[in-house]
Amino acid sequence: MLDLAFIRNNPEAVKEAARLKNNTLDIDALLSLDQQVLTLQREVEEARAQQNALSKRIQQAAREKKVEERNALIAEGKRLAEQIKEKEPELSRLQEERYRMLLLVPNIPDPSAPIGKDENDNVPIKYWGEKPEFNFKSLDHYELMQKHDLVDIERAVKVAGSRSYVLKGDAARLELALMHFAFDRIALKGFTPLIVPAMAREFCFIGNGQFPKGRDQVYAIEGEDTFLVGTSEVSITGMFKDEILKEEELPKTFVGYCPCFRQEAGTYGKDTRGVFRIHQFNKVEQYVMCKADHEESVRWHEQLLKNSEELIQALELPYRVVNVCTGDMGDGKVGMYDLECWVPSEGRYRETHSCSYFHDWQARRANIRYRDEEGKVKFVHTLNNTAIASPRILIPLLEIHQQADGSIRIPQALRPYMGGQEYIKAR
Ligand SMILES: Nc1ncnc2c1ncn2[C@@H]1O[C@H](COS(=O)(=O)NC(=O)[C@@H](N)CO)[C@@H](O)[C@H]1O
């Protein structure tokens, strides 16, 4: 959410942001609704002020025993009270409608973000690692998983329907090893480990920006005010709602974990093979809350990307980083990098990480503030990046490290989390 004063003073900038982000919100309609609210607010306040003045004159008339005047004044007071009683519900209805529209206003993308329509306009900015040249018939992730009996999709579909999976054997151990590896490496950088609720109240989803627009991606729990989170980012944002932190508490850095759930509405028929796009997965998340300073946000954005690059380099996976364009980054972002790992069977890079900064767009929605050294209260800036999301990361991991004899090499960095095991051996 943007500051209403900013929108009033910079309507063209906000309209341009909406255009660049394929956001169809009618900013003029919001501003005229805002004018209606301000006018009605003034009328109600004036009526209240008149009421106060009147009550003094009524007491005065009573003291001076001016019965006629006092009655006339009381009647005037009643008329005013009627007016207020009629206008207040209208005022709160319009304020509620203005708030709902404010939630739909996109953030202003940084000028460094490429202007574009969709993911095809994202700009690659960095490549790392040698793509493997297999001198044998290489397999895709699903063939490898079946060959090594590492997955059971059929029984998962029986249990949970489409886009579900059972990870078996070393793949199940790999997933937990990857979670532990990511948690450890990021915690070693001073980030506070958190295991957070995967069920969260509505205000958490409004706070991080998942609601109202992304509501169709979220599973609701029947009869409760809680929903299943698509990322621990939702719960971490909700943890600090309505709090006023001290500046010296910032930056707050977290490495969060929880199971993630997504409806994946609108992706029918897309990425249906294997475990690329599923309804439930595990993710270790980096989350930073810092003071309201653009340079600091940019520094953290670069740092969060670097942290994840270090993890992927340790897993020895070739990847590239793309600067996400305005049409693909979504409403809340000021800037966004995707880290994409090379998937040999597809002959292309596929997204495994998203790294974003928001300035105070999330903090304003979740009302997370801090008191700076001069005692001024400001909204914090928030950022997040994937550390590791699995099983999606298993796709490049298994494919890249497959060997001619059918075994799969476990990267050195993961071995301590796999009991020292070096290969997944063909059975
Ligand atoms: N439906 C899904 N199935 C499997 N993995 C997914 C799915 N949705 C997202 N992911 C993984 O989770 C990562 C982060 O998801 S994201 O929506 O892009 N970004 C976030 O959730 C941010 N909180 C940063 O992690 C993706 O890059 C991908 O690796």
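**Backbone, burial and ligand**

Reply: Arg163 is found in the loop between helix 6 (153-160) and helix 7 (169-187), where helices (H or I, at least four residues) and strands (E, at least two) are DSSP runs, numbered from the N terminus. Residues are numbered from 1 along each chain as its sequence is written, and side-chain values use heavy atoms, with hydrogens and water left out. The model is predicted, so local features need pLDDT of at least 70 and side-chain atom pairs count only at pLDDT 80 or more, while totals for chains, interfaces and linings use all residues.

Me: What is the phi of Arg163, and is Arg163 buried or exposed?

Reply: Most residues other than glycine have a negative phi, and most peptide bonds are trans. Arg163 has a positive phi, near 50°, although this residue is not a glycine. It counts as buried at 15% relative accessibility, buried meaning under 20% relative accessible area, exposed over 50%, and partly exposed in between (1.4 Å probe, protein chains only). Asn22 is likewise a residue other than glycine with a positive phi, of about 50°, and its place is in the loop between helix 2 (11-20) and helix 3 (27-63). Asn22, however, is partly exposed, with a relative accessible area of 45%.

Me: Which peptide bonds are cis, and where do their prolines lie?

Reply: One of them runs from Leu250 to Pro251, with omega near 0°, and Pro251 lies in the loop between strand 5 (244-246) and strand 6 (252-261). Another joins Ser390 to Pro391, with omega near 20°, and Pro391 belongs to the loop between strand 13 and helix 13 (394-400).

Me: How many residues of helix 9 are buried?

Reply: Helix 9, which spans residues 232-239, has seven buried residues out of eight and is therefore mostly covered. The buried set consists of Ser232, Glu233, Val234, Ser235, Ile236, Thr237 and Gly238.

Me: What contact does the side chain of Asn323 make?

Reply: A polar contact is a pair of N or O atoms within 3.5 Å; within protein, one must be able to donate a hydrogen and the other to accept it, and residues adjacent in sequence count only if both atoms are side-chain atoms. In this model, a polar atom of the Asn323 side chain lies 3.1 Å from the backbone oxygen of Ser112. Asn323 lies in strand 8 (residues 319-323) and is buried, its relative accessible area being 13%.

Me: Which residues are closest to the ligand, and how many surround it?

Reply: A residue is near a molecule or strand if one of its heavy atoms lies within 4 Å of it. Here 19 residues surround the ligand, the closest being Arg262, Glu264, Glu285, Glu351 and Thr386. At least two residues of this shell come from each of strand 7 (280-290), strand 10 (348-357) and strand 13 (381-390).
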